[in-house]
Amino acid sequence: MNTKSRITSILNTESLDSSVTGFPTFDLSHLQIPKELDFQLPTNIRLGHLAERIVSHLIQSSLNYKIVYENIQILEHQQTIGEIDFIIEDIKEKQLIHLELAYKFYLFDPSISTEATHNWIGPNRNDSLIEKLGKLRTKQFPLLYNPCTVSQLQNIGISQVSQALCLLVSLFVPYDFKQKLDSVYQKAIKGYYLNLETFIRLDSPDKRYYLPSKTAWGIDPSENEIWHDFNTIKEQLRTSMQEKQAPLCWQQQQGTYIEFFIVWW
């Protein structure tokens, strides 16, 4: 994996603001990073944890924030009851912040609800934006005030710690989607999704494809160097559909790059 491309992709990902999430927003643009960064990334961890590692490096490299705690396992009777992603400090203001981070890919299914927030689902329909926000509201942010957390973090005044969310999202809408979404979502739209039948119908000899591993999701397709025709990837796609796994597909056509999910549902 090209680490610079992976780091850049995280920095360039839009974050949903408080008008959607209901939580104060921490945007990565707040970080004063002195130079272009390049650091070693692990290759054997899941995408969410990879994003955490990158954001951790970005905070540590910044001039205006520092990490006080990271990935704190909160224990009760020797059992983990939750985890706090970060406690960071605004160096100038001397303000501690409990920061929760998430890196998500959501698809817009307009059939679910008339409320846009309820319509963002994971590519395989097994998670959603509204579920994530509910978990943050009822579990992850209240964990800071749990007596077990207070006893574990005795060297800081919990009552003086503010809270913020960095919810990085890449959003995808249905193929040929005509509706205009609110600007908070519109700016985060990276592409569309379609089913395998439509994908096959749209194929043409001048199109080349690549199915990135999940740890590469979010990287700009133009960074990719390996491309295939449809016949090379069709068996992999059929297997994905049978296993109810929606792959991300990068497409190159005459110097133009796009990305989309091919869904099984």
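## Burial and salt bridges in a predicted chain

Buried residues (under 20% relative accessible area with a 1.4 Å probe, protein chains only; exposed is over 50% and partly exposed lies in between) make up 48% of the 265 residues in the protein chain. This is a predicted model, where local features need pLDDT of at least 70 and side-chain atom pairs count only at pLDDT 80 or more, while totals for chains, interfaces and linings use all residues. Residues are numbered from 1 along each chain as its sequence is written, and side-chain values use heavy atoms, leaving out hydrogens and water.

The protein chain has eight helices and ten strands (DSSP runs of H or I with at least four residues, and of E with at least two, numbered from the N terminus).

Now to the charged pairs. The structure holds three salt bridges, each a side-chain nitrogen of Lys or Arg within 4 Å of a carboxyl oxygen of Asp or Glu.

| Salt bridge | N to O distance |
|---|---|
| Glu89 and Lys66 | 3.5 Å |
| Lys104 and Asp127 | 3.9 Å |
| Asp109 and Arg125 | 2.9 Å |

Glu89 sits in strand β3 (residues 79-90) and Lys66 in strand β2 (residues 65-76), 23 residues apart. Glu89 is buried at 13% relative accessible area, whereas Lys66 is partly exposed at 42%.

Lys104 belongs to strand β4 (residues 95-108) and Asp127 to the loop between β5 (120-121) and α4 (129-140), so this bridge ties together parts 23 residues apart in sequence. Lys104 is partly exposed at 23%, and Asp127 is partly exposed at 23%.

Asp109, in the loop between β4 and β5, pairs with Arg125 in the loop between β5 and α4, 16 residues apart in sequence. Asp109 is buried at 7% relative accessibility, while Arg125 is partly exposed at 36%.
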